[in-house]
Amino acid sequence: MNQTDIINGRFKSAPWYDGCKNEVIYMVGLGGIGSNALYNLTKTIPCIYMIQDFDTVEDCNVGTQFYNKSDVGQLKVTSSLKRIKEYNPEIIVQASSDKYSSSVTKPIMIAALDNMKTRQEMFNAWKLKDDREIYIDARLRANFYEIFTVTPGLEEDYERTLFKDDEVDSAPCTYKSTSYFGMLCGARITHILVNYLSNKYSQESIYSVPFE
């Protein structure tokens, strides 16, 4: 038995466990949403991960995101990859510190971002894919989070939730995020994907995958 099966073996009876090993989950953004979501995802779903973020860890990130003081100054993708390999060295994670480009799309995509422009670009690229499956857009404030889950047929519903970045009402700069709501949001993203994969591999609509 390989290391990944030892670590995630408690889920081996789940309908999605074996099939998901060839799935690719592509997430852009490793801040308050993405860093927490990645921790929960990689400890639950033993698939292939593509992660992308061009930011470095700053001191102010340590209190609200899944980073430590020792990560300050490192790229977020570097710190995240190092941490994952400490608890699951065999899991496949492809990391990029480039800005998002619409030339890269996957059937399963997660927008864990702090701006609407990139959300729109990711979604536009995803909706053009014939094999698109699920697009998850998570939005986070200090004491509030919102997740939109788009599957084929719900594209127009989602587009009504989009707006320009200059239309966002700014939260106080010292109260924009909290670690506990970041973890709640990351856990909910994982829950939604587990439900989606359970339905996919059991070929039954047993679990809820709500639009919002």
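In which helix is the place of E155? E155 sits in helix α5, which spans residues 155-159. Helices here are DSSP runs of H or I with at least four residues, strands are E runs of at least two, and both are numbered from the N terminus.

This is a predicted model, in which local features need pLDDT of at least 70, side-chain atom pairs count only at pLDDT 80 or more, and totals for chains, interfaces and linings use all residues. Residues are numbered from 1 along each chain as its sequence is written, and side-chain values use heavy atoms, with hydrogens and water left out.

E155 is buried, with a relative accessible area of 12%. Y196, in helix α6, also counts as buried, at 15% relative accessibility. Buried means under 20% relative accessible area, exposed means over 50%, and partly exposed lies in between (1.4 Å probe, protein chains only).

The side chain of E155 reaches the backbone nitrogen of G153 at 2.8 Å. A polar contact is a pair of N or O atoms within 3.5 Å; within protein, one must be able to donate a hydrogen and the other to accept it, and residues adjacent in sequence count only if both atoms are side-chain atoms.

Y196 and V209 are 13 residues apart in sequence, yet 6.2 Å apart in space, C-alpha to C-alpha. Contact means heavy atoms within 4.5 Å.

| Residue | Relative accessible area | Touches |
|---|---|---|
| E155 | 12% | F123, W126, K127, R132 and V150 |
| Y196 | 15% | E133, I134 and V209 |

**Helix α2 and its surroundings**

Helix α2 covers residues 34-42, and helix α3 covers residues 76-87. They pack at an angle of about 20 degrees, with axes 11 Å apart. Axes are lines fitted to C-alpha atoms, for helices over the stretch in contact, and angles run from 0 to 180 degrees between N-to-C directions. The two helices are therefore roughly parallel; that term covers angles under 35 degrees.

Which residues make the contact? From α2 come L38, Y39 and T42, and from α3 come S80, I84 and Y87.

How much of α2 is covered? Eight of its nine residues are buried. They are G34, S35, N36, A37, L38, N40, L41 and T42. The cover includes helices α1 (3-8), α3 and α6 (179-202). Strands β1 (24-28), β2 (48-52) and β4 (108-111) also belong to it.

Conventions: Angles under 35 degrees count as roughly parallel, over 145 as roughly antiparallel, 65 to 115 as roughly perpendicular and the rest as oblique. Lists of a residue's contacts leave out its neighbours within four places in sequence.
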